[in-house]
Amino acid sequence: MTTTAAPKKLGLKERYALMTRGLDWQTTYQPMEKVFPYATYEGIKVHDWNAWEDPFRLTMDAYWKYQAEKEQKLYAIMDAFAQNNGHLGLTDARYINSLKLFLTGVSPLEYMAHRGFAHVGRSLPGVGARVACQMQSLDELRHVQTQIHSMSNYNKLYDGFHAWRHMHDRVWYLSVPKSFFDDAITAGPFEFMIAIGFSFEYVLTNLLFVPFISGAAYNGDMGAMAFGFSAQSDESRHMTLGLEAIKFMLEQDPDNLPIVQHWIDKWFWRGYRVLTLVAMMLDFMLPKKVMSWKEAWEIYAEENGGALFNDLARYGVRPPLGWQQACDDKVHLSSQAWSTFYQYQAAAPFHTWVPSPEDMDWMAQKYPGTFDQYYRPRFEHWAEREAAGDRYNNGTLPMLCQVCQIPMLFTEPGDPTRICYRDSVYDGERYHFCSDGCKNIFDHEPEKYVQAWLPVHQIYQGNCFRPEADPTAADFNPLLEVITWYQMNVGVDNAPYEGSEDQRHFRAWRQMTTSNA
Amino acid sequence: MSFDLTIEPLGQTVGVAEGQTLLDAALRAGVYLPHACGHGLCGTCKVQVVDGEIDHGEASSFALMDFEREEGLCLACCARAESDVTIEADIEDEPDALRLPVRNVTATVTRIDALTPTIKGVVARVDDPDGLPFQAGQYVNVQLPDRDEHRPFSFANSPSDPHQIELDVRLVPGGAATTWIHERLQVGDTLHLAGPYGMFHVRQSANVPMIFMAGGSGLSSPRSMILDLLERGCTLPITLIHGARTADELYHVDELTSLADRTPTFTYLPTLSHEPDGSGWAGARGFVHEAAKAHFANDFRGHKAYLCGPPAMIDACITTLMQGRLFERDIYQEQFISAADASRVRSPLFKRI
């Protein structure tokens, strides 16, 4: 055996450090604290930015190469899907509603994540963290673009896709994901890293992506599946950035622990509330089911998240407040949410329906002890009313939670028959919350959340009408006006699935592919 | 037919025989490449082929995707050279690693000491004229008689004499290898050994005080490391905390006590977790992590810590060290992993600990 030593080549880590470190300098024209004005006000103490361990070693030139290849593959699949009328291979047109939910509710968040990481990358004084944030910022921009492109195929053929960006800033339930990200992006850079980099990208991302992407795969949507895989291949990088960010903060100074712990409590609960939409999609909107919300929660939150919090315990971090309640509520969440959307069908740009008897059996099997007891009777009642031509629509707008902005639809911990209400008084005004979690968040920072743009309040204040609307007209219908202001095609986008244009078109087009009728 | 395998970023060239995997060749030459499953399924040993031709062998198409093959990646545990090959691995240059070649040797047992009721010290003389050089902290695979299996044991002695090895072996109830060593192995018997293996070694170039935390027969590597450090004149503070259940399970006490008496920079701190009250034991009581926390007043900053012992002890020690503000980059461990430990769901928060 021969062993010779040639001059050493640099290791990947050393090479990466040489290419990415030392790019910054001490400013002299302006003091550093003016160049990085957001670096200290949150109270996070950093003594040595050089202790930041680059979570991945990717240079920009390599980054472009990787991403270019992903794009090539993704667009080839999307084109093939469109050219082969892939939408007619879907299990059922009901599936498309989960895409409407994703495009209006999630894709705009990707864009906000792009902005957020660009902002944070500019704000953090450490160069390693800045490079990592820059790449994630670009990833997020790619994600929103590929999502728009892959779903634009559906916009040509199905209702409810045309005004997603407009709707995101206005429609009542879309204020849930919107306010979540607005909250994060208006926080300081370190809180943003815990909010999005850690809590969302690490603790909760699997619960968002896996259900949607597996749902796409199970229901024949190659296009959505491909953008999901393409985005997921970036997520591992995002997760490692979030993990490095939290480790870095916790290791830099013991005073950072209580601040980080509060952010973990807050952003776990904020993210969990947003996932209500995913729970409902998973259990009620997929024609062919992947797994129940309860099963997804058990794998991705209880098992994987539990392992993470076991490891974080070494730093003195405890599991987030609200963790146990989220685990307890896994058997109620989706049914409570879908019931709400069913009642407010007229105000949502996607279709809802009463689950079929088979789907209710599936729910009963997945949720023994709760579905048949608490939710089946309600759905069966609504099915009877539909059969009698008297579909139930709730014409009274719901009270919204001041923090998560979800209607007050959640029940008391331990009692699924009572709606949970909490409130706090701040500056002489009373504010309402859906849960202890949201109340805690408000009480810690009331001056931020009193500014919330709550859709229902705004409607009642008359701020959700078109400029030309005339509320004094004798035949003025405020709810119809709001929906028009949302840019929904009234009676089309917001119709019940039974009898909708989507249902008719899908049935007719599919028949054309299999017969000569 | 054999080829040259050059491993970047080390720039080290080793021989690789026909049919031999790149991983095997690297390990046998003392170059540690990250690896786990050893048969092409997990992808831990993925490396870049910079130059030359390889055969991918049985690498799984999930662990090594087609586009990765096109980009010249391979799994070192399955890949075989078909020409001279240069690979680039994501390994950090470990300036203190000696990278000794792995060899197969035989050794003759010269002494067997009953160190405690459950631990035997097996001393053997390596028959090979070159001996079996190892770095303190490494281990050797011992071939079981009558079956094609081996078990790893840490070197417990100083590496100064390459012909001498000592393995301190705890009897594991029902364990094939330890039962054989405890009940059948005799002075004069021949051991079949392959080694040295492992990347557990002292990071001496860091030049900071060291804490060694050992539980039970996990004393082997720390003892070897400390003997080596002191023989080579190390003057940095060294603290050894050795935990056992009871006083009769402590061993090498006299040696370590007298070493501590002679060496002002070396502190030896045995601690007992289950010693009966009133037994006359005057030393520390409690677990290793508790003794460490008390001794260092919960402040471990500025040290490097080396941990060796059962998983529960390692786990408790890591938590204690981190709460005393010593973090992953300064903690090194040799963990004896059982199948149950390996199947535990772990988060990716930590890489090495």
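**Notebook: strands, cores and helices in a predicted model**

I began with chain B of this predicted model, where I found seven bridges joining strand 8 (residues 103-114) of chain B to strand 9 (residues 119-126) of chain B, and these two strands run antiparallel. Within this pair I noted that R111(B) stands opposite V123(B), which belongs to strand 9 of chain B.

I then looked up the sheet around them, and I found an open sheet of six strands in chain B, in the order 11-10-13-8-9-12, with antiparallel pairing. Its edge strands are strand 11 (150-154) and strand 12 (164-170) of chain B, each of which pairs on one side only. From one strand to the next, the twist averages 40°.

Next I turned to the cores. The largest nonpolar core has 166 residues, and I listed I194(A), M213(B) and C317(B) as those with the most contacts inside it. Helix 9 (residues 189-218) of chain A gives this core its largest share, which is 16 residues. For C317(B), I set aside the neighbours within four places in sequence and found contacts with M213(B), V288(B), H289(B), A292(B) and L307(B). Another core, of 30 residues, lies apart from the largest one, and F3(B), I54(B), L75(B) and A79(B) are among its members.

In chain A I followed a pair of helices. The axes of helix 5 (residues 107-123) of chain A and helix 8 (residues 175-185) of chain A come within 10 Å and cross at roughly 0°. Angles under 35 degrees count as roughly parallel, and helix 5 of chain A and helix 8 of chain A are therefore roughly parallel to each other.

Last, I checked the backbone. A cis peptide bond joins E8(B) and P9(B), with omega about 10°, and P9(B) sits in the loop between strand 1 (2-8) and strand 2 (12-17) of chain B. The peptide bond from G195(B) to P196(B) is also cis, with omega near 0°, but P196(B) is placed in strand 13 (residues 190-197) of chain B.

Is Q405(A) buried or exposed? Q405(A), which is not a glycine, has a positive phi of about 70°, and I counted it as buried because it has 26 C-beta neighbours inside 10 Å. R99(B), also a residue other than glycine, has a positive phi near 55°, but it counts as partly exposed because it has 17 C-beta neighbours inside 10 Å.

Methods
Residues are numbered from 1 along each chain as its sequence is written. Chains are lettered from A and ligands numbered from 1 in the order in which they are written. This is a predicted model: local features need pLDDT of at least 70, side-chain atom pairs count only at pLDDT 80 or more; totals for chains, interfaces and linings use all residues. A nonpolar core is a set of buried Ala, Val, Leu, Ile, Met, Phe, Trp, Tyr and Cys residues joined through C-beta atoms within 7 Å. A residue is buried if 20 or more other C-beta atoms lie within 10 Å of its own, exposed if 12 or fewer, and partly exposed in between; C-beta atoms are placed from the backbone. Helices (H or I, at least four residues) and strands (E, at least two) are DSSP runs, numbered from the N terminus. Two residues are in contact if their C-beta atoms, placed from the backbone, lie within 7 Å. Axes are lines fitted to C-alpha atoms, for helices over the stretch in contact, and angles run from 0 to 180 degrees between N-to-C directions. Angles under 35 degrees count as roughly parallel, over 145 as roughly antiparallel, 65 to 115 as roughly perpendicular and the rest as oblique. Two strands pair if DSSP finds at least two bridges between them.
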